[in-house]
2 protein chains.
Amino acid sequence: MRAVLPVWVCVNLGGEAEAAFDFAVALELLHNASVVLDDIEDGDHVRRGRPAVWSQWGTSHAITAGTTLIFEALVSLGRARSMASVLGAMATDLVRLTEGQTMDVQLAAGALAPSRSTWMDMARGKTGMFFSTCLRAGVAAAHGDDAELIEAAATYGADIGLLFQVQDDLLDLTGNKGRDLRGADLIEGKPSFPMLWAYEHASLAALAPLQEVMHLPREQRTPEKVAAAVDVLHAVGAVDATARWLGDAKRAVERHPLTRALPGWAERILAPVAHCLP
Amino acid sequence: MRAVLPVWVCVNLGGEAEAAFDFAVALELLHNASVVLDDIEDGDHVRRGRPAVWSQWGTSHAITAGTTLIFEALVSLGRARSMASVLGAMATDLVRLTEGQTMDVQLAAGALAPSRSTWMDMARGKTGMFFSTCLRAGVAAAHGDDAELIEAAATYGADIGLLFQVQDDLLDLTGNKGRDLRGADLIEGKPSFPMLWAYEHASLAALAPLQEVMHLPREQRTPEKVAAAVDVLHAVGAVDATARWLGDAKRAVERHPLTRALPGWAERILAPVAHCLP
């Protein structure tokens, strides 16, 4: 999906699809690098139904594979038209992406105080910056060094990334994520948009079952306790508030002049939670 | 040292030092990224007398720190003059570097058959490619897109990298490396240039004490056994042959037209083993 974005953006803005191919390859390789490295960081043994690289070949080879994928991405970027006008900004996006990943780990570990604005910064980094850099690439492929358009597209991409992340959080609570269990984020101890909305708006007493789960060691977060915490998020209105936020954000994205770069994209991203939106 | 190379090359080829600064910063950041990631891969707890990043902050943060350093390097590359003419080639060097690192691990693990030509490929990748990319950067900063000069300088840089690696191997056996012990490579189970020369030229019987050490588990490679193996490398002439190879390589580098890019560099690299050279 990520590799398609720069091509789609390029074509929708009047460029030739081929002009975006080197960018697309670079972004696909970068995404795969992050997948290989994230699985080591998260200790995940399975990826796309097969053993994770580190799980099969060991951490050393997986780290080398990850960095090799990053450098192969650069080889492709080096071939991309108008690359020079966006390389620095794309790299800055990627730095912010790793900052977002670090904030994500710190939030889950309790090393960073959870608040909605901290969460938004984290999500804008972790999820938004990759979309931002995909959009920059697409605009550069179509319009070379139009700095103003590139910046506007980058912001638009980050907004869509945030939409994607909040959608993912909502889906995790409404139970249509294709997993056996609702509340996977709660099991992981990851603060989510609805959770942080609840911290801001609900009483401590109402939040007790949620707080209990978040303070337990992971192995003691039983399905029953997680289900009770999910129920709390519904009861205090956090799920509805998240759906409302998404509805508003969707309309803002659709009204944005750059919708022409990615027509129908917000709708597509929000399809899994469409039935919950106001 | 690595960050100085592009600046030195640039100035010696008639450019302004400042033109190479963004490249220099990028290469220093890339080198630091590789240090942070290599320490995880090698399980080294100490770096430059202080705890390694992964040892102090954990593997997850260290991997993120390593990739962030790579992306910060790209931010700097994005600012560098004539960057567009060398990015792809520099990235290709970096891919070959990681291939060399993988070969190094495979050689130490016995997963790759040891031969002198395999070792040369490994060393040219692991050590040569970083020098190669430093030289490309320096030439690009001085002369923009002179593709022929950039390629010649890259090859010259890789040759110097190989010189550096063989020098390091010789130093490990002649005992002036500032470590307590000669034969650190033997303790690590890493095939070296002198070792592979010996495999090619000496009888199996003469190599018995060396083979014994290489086949022992690491914890059984005692100082006495390693000393005996080092003595074998001296006795079969491998140390002298390595010194001769280095002497020849040094003269070739000094006769090369691109010596003007790095005058005195081969001499400087070989200073620690100067007393052994023919």
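**View 1. B:Glu151 and B:Arg136 pair up in a salt bridge, their closest N and O atoms 2.7 Å apart.** A salt bridge here is a Lys or Arg side-chain nitrogen within 4 Å of a carboxyl oxygen of Asp or Glu. The pair links distant parts of the chain, with B:Glu151 in helix α7 (residues 147–174) of chain B and B:Arg136 in helix α6 (residues 116–143) of chain B, 15 residues apart. Helices are DSSP runs (H or I, at least four residues), numbered from the N terminus. B:Glu151 is partly exposed at 41% relative accessibility, while B:Arg136 is buried at 5%. Buried means under 20% relative accessible area, exposed over 50%, and partly exposed in between (1.4 Å probe, protein chains only). Over in chain A, salt bridges with shared partners join A:Asp93, A:Arg136 and A:Glu151 into one network.

A quick note on the model: it is predicted, so local features need pLDDT of at least 70 and side-chain atom pairs count only at pLDDT 80 or more, while totals for chains, interfaces and linings use all residues. Residues are numbered from 1 along each chain as its sequence is written, chains are lettered from A in the order in which they are written, and side-chain values use heavy atoms, leaving out hydrogens and water.

**View 2. A:Asp22 and A:Arg79 meet through their side chains in a salt bridge (3.6 Å, N to O).** A:Asp22 sits in helix α2 of chain A and A:Arg79 in helix α4 of chain A, so this pair ties together parts 57 residues apart in sequence. A:Asp22 is partly exposed at 23% relative accessibility, and A:Arg79 is exposed at 55%.

**View 3. Chain A meets chain B, with 28 residues from each in the contact.** Contact means heavy atoms within 4.5 Å. The two chains bury about 2,700 Å² between them, 78% of it on carbon and sulfur atoms; that buried area is the accessible area (1.4 Å probe) lost on putting the two parts together, summed over both. On the side of chain A that touches chain B, α2 (21–42), α4 (59–79) and α5 (87–109) each supply at least two residues. The largest share, 13 residues, comes from α4(A).

**View 4. A:Cys134 is buried, with a relative accessible area of 0%.** Its closest cysteine sulfur, in A:Cys10, is 13 Å away, too far for a bond. The whole structure has 0 disulfides, a disulfide being two cysteine sulfur atoms within 2.5 Å.
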